[in-house]
Amino acid sequence: MFEITFLGTSASAPSVHRGLSAHIIKHDEYRFLVDCGEGTQRQILKSGLGFKRLNHILITHGHLDHILGLAGLFSTFTRWETLEDIEIMAGSWTLERIEALLYGVRVIPKGKQNPVNVSLKAVAPGVIFETEDFDIRAFAVSHRGPDCLGFVFEEPARRPFLPEKAEALGVPNGPLRRDLVLGKTVTLADGRTVQPHEVLGEEVKGAKLVHIGDTGRTDDVVEHCRAADALVIEATYLESERDMARDFAHLTARQAAELAVEAGVGKLLLTHISRRYRESDVLAEARAIFPNVAVARDFDTFQVKRGEVVKVGKPKPEKGGRSAGEVEE
């Protein structure tokens, strides 16, 4: 199971009710910060999640509304000594901007001993993080500038253990059952052998969460989103301003919903919401195409299981609408 908490859901600039792009994705003891817009450290504190085990940061692209919060975050880290090691993973061009931000203004002084060991890891499409229980794959998306990435968080497919079959075959509790789960043939005390397929059910896919930051196209990401339990993606514009969305390489709520239909996802979670529109209008446009959709608000939390997405966070009320002349980055 994955769990995502939305720390910032606004497009380009913060609003009264929405901070800039930042989300925390958890799986057991692992925690990943995806993007780090201005004010992220305060959002982390307000969420109650804190900084513990926040050793991995994934950045979708290098635009300022997705990275400026790193300066404040690391300024705090170097004073509080909260974490010893932090790895930032992003495309090469994005890392160049991050390095200039952190080291150019001496947030992290070079050539000086620091309490935080910061590793900048350039990543390309493919597997970028892997454990026994899940992996993370990066894939290219089309936005303004090079090295823009989306991320797939996915658990491996597993065959469930069927205890009633093991009981019928006389397999005792303990190491023998564990070996069967691992795919090993075992020998019982009476000399009989038991094969894994005799006690394992049909293969069941693991949970799949896809996170896409800013993008201007959907045709090149369909296969990465295929059969995702949850798709997190921007909905910066409405169809009434589709030409502007195209010019700035963003999506409309309708386009995001059409992607969800084509890819066969379970739940669509919209973020990167512009101050230009009412939340209800964004939701209505998407829901007309894909019913199982939510517009995420700051501090909303969703648990993503195979075949099920459950909201566990409490939204805050939002007001407001269009401010004429605004353009989203």
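Predicted model: local features only at pLDDT ≥ 70, side-chain atom pairs only at ≥ 80, totals over all residues.
Asp298 sits in the loop that links strand S15 (293–295) to strand S16 (301–305). The residue is buried but forms no salt bridge. Arg18 carries the nearest side chain of opposite charge, 4.9 Å away. Polar partners are present instead. The side chain of Asp298 makes a polar contact of 2.7 Å with the side chain of Thr9. A polar atom of the Asp298 side chain also lies 2.5 Å from the backbone nitrogen of Gly19. Beyond its sequence neighbours up to four places away, Asp298 touches Phe6, Leu7, Gly8, Thr9, His17, Arg18, Gly19 and Gln43.

Across the whole structure, 18 salt bridges were found. One of them pairs Arg158 with Asp133, at an N to O distance of 3.2 Å. Arg158 belongs to the loop between strand S9 (149–154) and helix H5 (163–169), and Asp133 to the loop between strand S7 (126–130) and strand S8 (135–140), so the bridge ties together parts 25 residues apart in sequence. Arg158 is partly exposed, at 41% relative accessibility. Asp133 is also partly exposed, at 33%.

Arg178 and Asp179 form another salt bridge, with their closest N and O atoms 3.9 Å apart. Arg178 is exposed, with a relative accessible area of 51%, whereas Asp179 is buried, at 18%.

A further salt bridge joins Asp219 and Arg217 at 2.7 Å, N to O. Asp219 is exposed, at 54% relative accessibility. Arg217 is partly exposed, at 39%. Elsewhere, salt bridges with shared partners connect Arg18, Glu279 and Arg297 in one network.

Key
Residues numbered from 1 in each chain as written. Heavy atoms only, no water. Helix = DSSP H or I, 4+ residues; strand = E, 2+ residues; numbered from the N terminus. Buried < 20%, exposed > 50% of the residue type's maximum accessible area, 1.4 Å probe, protein only. Lys, Arg positive; Asp, Glu negative; His and termini not counted. Salt bridge = Lys/Arg side-chain N within 4 Å of Asp/Glu carboxyl O. Polar contact = N/O pair within 3.5 Å; in protein donor to acceptor, adjacent residues only side chain to side chain. Contact = heavy atoms within 4.5 Å.
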